[in-house]
Amino acid sequence: MSDDEPKGGLLDQNGIPITNLPKRGFVRRVADWASAKSMWLLWYCTGCGAVELPPSFTSRYDMERYGIGPMATPRQADIFLITGYLSVKTLKRVVRSYEQMQDPKYVLGHGSCTIDGGMYWDSYATIKDVGLYIPVDIYIAGCMPRPEAIFHAFEKLQSMIKAGEANGWRRYKENYQYYRKNQDKVFKRGPDWALEEPVLK
Amino acid sequence: MVEDSYDLTKRKDERSGEYVPEDIPAERAADEVLKKVPGAESRKRKDGRVELNVPSTSIGSVMSEFKRMGYDHFVALTCIDLIKEDMFEMVYHLWSYGARTHVYVKTNIPREDPSIESVVEVFRTAVTYEREIKEMFGVDFPGNQRLTQFILEDWEGPPPMRKDFDSIRYVQDKFDIKVRNPKGLPPKWTKEGGK
C-alpha cells in the first residue's frame with residue numbers, strides 16, 4: 001500500500017478523521033491477524049454485479065486462496081459484499097441484514113452504483129451512496145469491477161484488518177444517529193423492527 | 001372455457017370430437033364489437049393485429065365481447081401518459097389462441113382525476129396490472145378490490161411514471177448527492193488539486 005492512497009476507515013463521512021481508534025493489545029492484534037485470513041463472505045446480489053462472483057468463487061480465481069468463502073446467512077458472515085445498485089426497498093433489507101451481523105463486520109461496496117448511483121444516478125427508486133446508510137470499508141470502482149478488482153479489495157481489506165483500520169462497524173455504533181437519520185429519510189422501520197441503539201462495548 | 005349458451009357458430013374439433021367455438025380472426029372480431037359499441041373505431045395494423053379505439057365507458061363490455069369470441073388471454077394492460085393532449089391512454093392487449101391473432105383496445109381518459117372501470121370481473125389477471133398502474137400513474141380503477149401498495153414501499157411522492165414527475169428534483173431532495181469525502185482524496189485524484 002503506497003502512501004498516497006487514502007487509508008480507508010480513518011475518515012468518517014464528513015471527512016473528519018476518527019481519532020479514537022482503539023488501542024489494540026497483543027492478543028487483539030494476533031486475533032486480527034488470524035481473522036483477516038479466515039472470513040466468510042455474504043454476497044448480497046442486488047444488481048448485475050453478481051455475475052462477477054462465480055468466477056471469483058470457482059477455480060478460475062479461487063477465493064479460497066485468501067481464506068474467504070461464501071456464506072449463506074448474515075449472522076455467520078464477516079464480509080458484506082453489496083454487488084450493485086440498491087433500490088430503496090432493498091436497502092431496507094440490507095440494513096436489516098447488516099444489523100444482524102456479528103462484530104466485527106466489514107462492508108465492501110462493489111461497483112459504481114454503490115458509490116454514487118452509477119447509471120441510475122437520476123432514478124427515483126435507487127439510493128445513490130450506500131455509505132450514507134451503512135458504513136462502507138472499501139469501495140470497488142468499476143462498472144463492472146473485474147474479479148481482479150475484487151481480489152485487490154480483499155487484499156486491501158486484509159491489510160486494513162491487520163492494521164486495525166477496518167472499523168466501519170465501530171463507526172456505525174459511534175455515529176448511529178447520523179446513519180439512522182439518513183435511513184429514516186428514505187424508508188420507515190416497521191413496528192416489528194424496533195432496534196435499540198447499538199452500544200459500543 | 002367458453003360456455004355453451006353462446007350464439008356463435010361452432011365447429012367440430014377433429015381430435016376430441018367436441019363442438020368448440022369457431023376461431024374468429026381479429027378483424028372479424030373487431031367488426032362484431034363495432035356493431036355493438038357506438039363510437040368505436042378499428043384499424044388493421046398488420047396481418048393478425050387490429051387496433052380498436054373505444055370510449056372509456058364501454059371498456060368492460062368490449063372486454064367481455066372479446067372474451068366471448070375466444071380472446072381469453074389478457075396479455076397486458078399498459079398506460080401511456082399523453083401529457084400534451086392531457087390524456088392517459090390505456091391499452092388492453094388481448095390474444096386468441098385459437099385464431100392466433102392479436103387485438104389491442106385503446107381508450108383515453110382525462111389526466112385530471114383519472115379513473116376507469118376495472119376489467120377484473122372479465123379478466124382476473126388484470127388485478128396486478130391495475131395495481132401497478134394505480135401506483136405508477138395514479139389511475140383509479142373502481143371495481144378492483146385490491147388496489148393496495150404494490151412495488152413502491154414507503155412512497156410519499158407523486159406517481160413516478162407520470163411525465164411531469166421531476167425525477168432529478170426528487171432525487172436531489174430525497175438522496176444526498178454530493179462529492180463523497182473530497183478531503184480524503186490525495187491531490188492528484190481530484191480536479192481542483194485537493195482543494
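Mentor: Two strands pair if DSSP finds at least two bridges between them, and strands (E, at least two residues) and helices (H or I, at least four) are DSSP runs numbered from the N terminus. This is a predicted model, in which local features need pLDDT of at least 70, side-chain atom pairs count only at pLDDT 80 or more, and totals for chains, interfaces and linings use all residues. Residues are numbered from 1 along each chain as its sequence is written, while chains are lettered from A and ligands numbered from 1 in the order in which they are written.

Trainee: What makes β5 (residues 73-82) and β6 (residues 87-96) of chain B a pair?

Mentor: DSSP must find at least two bridges, and these strands have 9, in the antiparallel sense. B:Leu82 stands opposite B:Met87 in β6(B). In this hairpin, with 4 residues between the strands, B:Asp86 takes a positive phi near 60°.

Trainee: How do you know that β4 (residues 106-110) of chain A and β5(A) pair?

Mentor: They share 3 bridges in the parallel sense, against a requirement of at least two. The bridge partner of A:Leu108 in β5(A) is A:Ile138.

Trainee: Why is A:Glu52 called buried?

Mentor: A residue is buried if 20 or more other C-beta atoms, placed from the backbone, lie within 10 Å of its own, exposed if 12 or fewer, and partly exposed in between. A:Glu52 has 23 such neighbours, so A:Glu52 counts as buried.

Trainee: Where does A:Glu52 lie?

Mentor: A:Glu52 is in the loop between β1 (39-44) and α2 (53-57) of chain A.
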